[in-house]
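Have a look at the sequence and the structure first, then read on.

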Amino acid sequence: VSEASRELAVMTTKLNLSPSQQNKIRPILVSEFAKRKSIEDNTTLSDKQKHDEIGAVHRAACQQIKAVFTPAQQAQIDEGMKHPSPTSSTSK
């Protein structure tokens, strides 16, 4: 199973994506992972350039994917982003 398929499976589970949404998102993810792999394999780029380019590819893919979400799914994503992950919280 490819990384794109795994990512789509996670999104489908978390957001209850419809088959139509899955069919729209799958090629976006496949393209994103292919671009990321070609950037990672490019020996002429510095680590910082790779990081910056991969970030740009990811942001572009996210924008395309968000356009497929329903308002309720988008709200779920936005809500999830407000909550810090357990690793980023500071203990008192």
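First, the ground rules. This is a predicted model, with local features needing pLDDT of at least 70 and side-chain atom pairs counting only at pLDDT 80 or more, while totals for chains, interfaces and linings use all residues. Residues are numbered from 1 along each chain as its sequence is written, and side-chain values use heavy atoms, leaving out hydrogens and water.

Let's start with Gln21, which sits in helix α2, residues 19–40. Helices here are DSSP runs of H or I with at least four residues, numbered from the N terminus. Is Gln21 buried or exposed? Its relative accessibility is 8%, so Gln21 counts as buried. The cut-offs are simple: buried means under 20% relative accessible area, exposed means over 50%, and partly exposed is in between, using a 1.4 Å probe and protein chains only.

What does the side chain of Gln21 reach at 3.1 Å? That would be the backbone oxygen of Val68. The side chain of Gln21 also makes a polar contact with the side chain of Gln73, at 2.6 Å. A polar contact is a pair of N or O atoms within 3.5 Å; within protein, one must be able to donate a hydrogen and the other to accept it, and residues adjacent in sequence count only if both atoms are side-chain atoms.

If you set aside neighbours within four places in sequence, Gln21 is in contact with Asn16, Val68, Phe69, Thr70 and Gln73. Contact means heavy atoms within 4.5 Å.

Asn16 belongs to the loop between α1 and α2. With 65% relative accessibility, Asn16 counts as exposed. Again leaving aside neighbours within four places in sequence, Asn16 is in contact with Met11, Gln21 and Gln73. Asn16 and Gln73 are 57 residues apart in sequence, and their C-alpha atoms are 8.4 Å apart in space.

Ser20 is in helix α2 too, and it is partly exposed because its relative accessible area is 40%. From Ser20 to Val68 you count 48 residues in sequence, yet the C-alpha to C-alpha distance is 9.4 Å.

**Helix α3**

Now for α3, which covers residues 47–66. How far apart should the ends of this helix be, given its 20 residues? At 1.5 Å a residue the helix should span 28 Å, and its end C-alpha atoms are 28 Å apart, so the two agree. The expected span is 1.5 Å times one less than the number of residues.

The buried residues of α3 are Lys50, Ile54, Gly55, Val57, Ala61 and Ile65. These buried residues pack against α1 (3–15) and α2.

Lys66 also has its place in α3, and with a relative accessible area of 30% it is partly exposed. Lys66 and Ile77 are eleven residues apart along the chain, with 9.1 Å between their C-alpha atoms.

**Salt bridges**

How many salt bridges are there? The count comes to three, where a salt bridge is a side-chain nitrogen of Lys or Arg within 4 Å of a carboxyl oxygen of Asp or Glu.

| Salt bridge | N to O distance |
|---|---|
| Glu32 and Arg36 | 3.3 Å |
| Asp41 and Lys37 | 2.7 Å |
| Asp52 and Lys48 | 2.8 Å |

Glu32 and Arg36 are four residues apart in helix α2, so about one helical turn separates them. Glu32 is buried, with a relative accessible area of 4%, whereas Arg36 is partly exposed at 23%. Asp41 is partly exposed as well, at 46%.

Asp52 and Lys48 both lie in α3, four residues apart, about one turn of the helix. Asp52 counts as partly exposed at 36%, while Lys48 counts as exposed at 56%.

**The largest pocket**

Last stop: the largest pocket, which is lined by 17 residues. Glu7, Met11, Cys62, Phe69 and Ile77 lie nearest its centre. The elements giving two or more residues to this lining are α1, α2, α3 and α4 (71–82). Which element gives the most? It's α1, with five residues.

A pocket is found on a 1 Å grid over the protein atoms alone, as an open set of points with protein on both sides within 12 Å along at least five of seven lines; lining residues have an atom within 4 Å of a point.

Conventions. On a 1 Å grid over the protein atoms alone, a cavity is a set of points where a 1.4 Å probe fits but cannot get out, and a pocket is an open set with protein on both sides within 12 Å along at least five of seven lines; lining residues have an atom within 4 Å of a point.
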